[in-house]
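Please look over the sequence and the three-dimensional view below before reading on. The report that follows goes through the fold, the sheet, a helix packing and a ring pair in turn.

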Amino acid sequence: MSTSSRTATATRPRRISPRDPRLGAWQDFLTAHALLMGRLEEELDEAMGMSLGEYSTLVQLVQAPGRRKRMSDLADGAFLTRGGVTRLIDRLEQDGLVERDRCVSDGRGTEAVLTEAGVDRLRAASRIHLRGVDEYYLSRGSDQDQETVGRVMRDVAEGIRAAR
């Protein structure tokens, strides 16, 4: 999609009909997403007793500088409310996978900090999760298909962020 097409779409939404044939792709996306997330969640839970939200939070922490991140930033990345991320961090803390610490940059907020036990648990869970991602998603299309889907999803995310 050209920049001018994106700009026009962002400022003046097009009207579409419920019979628009492109909505079939939207329905396919919703169905595939629900099935994929359900299956990945099921496999992580069966093998590790871990939810996708817990896995996603551990991934965010391992990728963060110092393996620590503000609780509010974790909420945004884990698709949870602030209350939801607090409860999730409570569970991870009880399991010894994270610790809470005062925010190093300003001392006012709270950060979750990944422990070595959390790194080990994430490493084990990653084998299961990445196998599932490969089997149910990556193996279903060519590299070019994956690049196209990635480009479209980045464009969707960019458009939504810009509209905030």
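What pattern does the protein chain follow when it is read along the sequence? The pattern is α-α-α-β-α-α-β-β-α-α, and the protein chain has seven helices and three strands, where helices (H or I, at least four residues) and strands (E, at least two) are DSSP runs numbered from the N terminus. Taken along the principal axes, the C-alpha atoms fill a box of roughly 50 × 40 × 25 Å.

This is a predicted model, in which local features need pLDDT of at least 70 and side-chain atom pairs count only at pLDDT 80 or more, while totals for chains, interfaces and linings use all residues. Residues are numbered from 1 along each chain as its sequence is written, and side-chain values use heavy atoms, with hydrogens and water left out. The pLDDT, which is the predictor's confidence in each residue from 0 to 100, averages 90 over the protein chain, and 92% of the residues score at least 70.

Where pLDDT is low, the predicted coordinates should not be read in detail.

The three strands form an open sheet in the order E1-E3-E2, with antiparallel pairing; two strands pair if DSSP finds at least two bridges between them. Strand E1 (68-70) and strand E2 (98-102) each have a single partner strand and stand at the edges, so one side of each is left without a neighbour in the sheet. Five bridges join E2 to strand E3 (residues 110-114), and Leu114 in E3 is the bridge partner of Val98. Helix H5 (residues 82-94) packs on the sheet and touches E2 and E3, contact meaning heavy atoms within 4.5 Å.

Helix H2 (residues 23-48) packs with H6 at an angle of about 145°, their axes being 10 Å apart; axes are lines fitted to C-alpha atoms, for helices over the stretch in contact, and angles run from 0 to 180 degrees between N-to-C directions. Among the residues that make this contact are Leu36 and Leu40 of H2 and Ala124 and Ile128 of H6.

Helix H2 also holds both Trp26 and Phe29, which lie three residues apart, about one turn of the helix. Their rings form a stacked aromatic pair, 5.6 Å centre to centre with 25° between the planes; rings of Phe, Tyr and Trp (its six-membered ring) pair if their centres lie within 6.5 Å, and planes under 30 degrees apart count as stacked, over 60 as edge-to-face and the rest as tilted.
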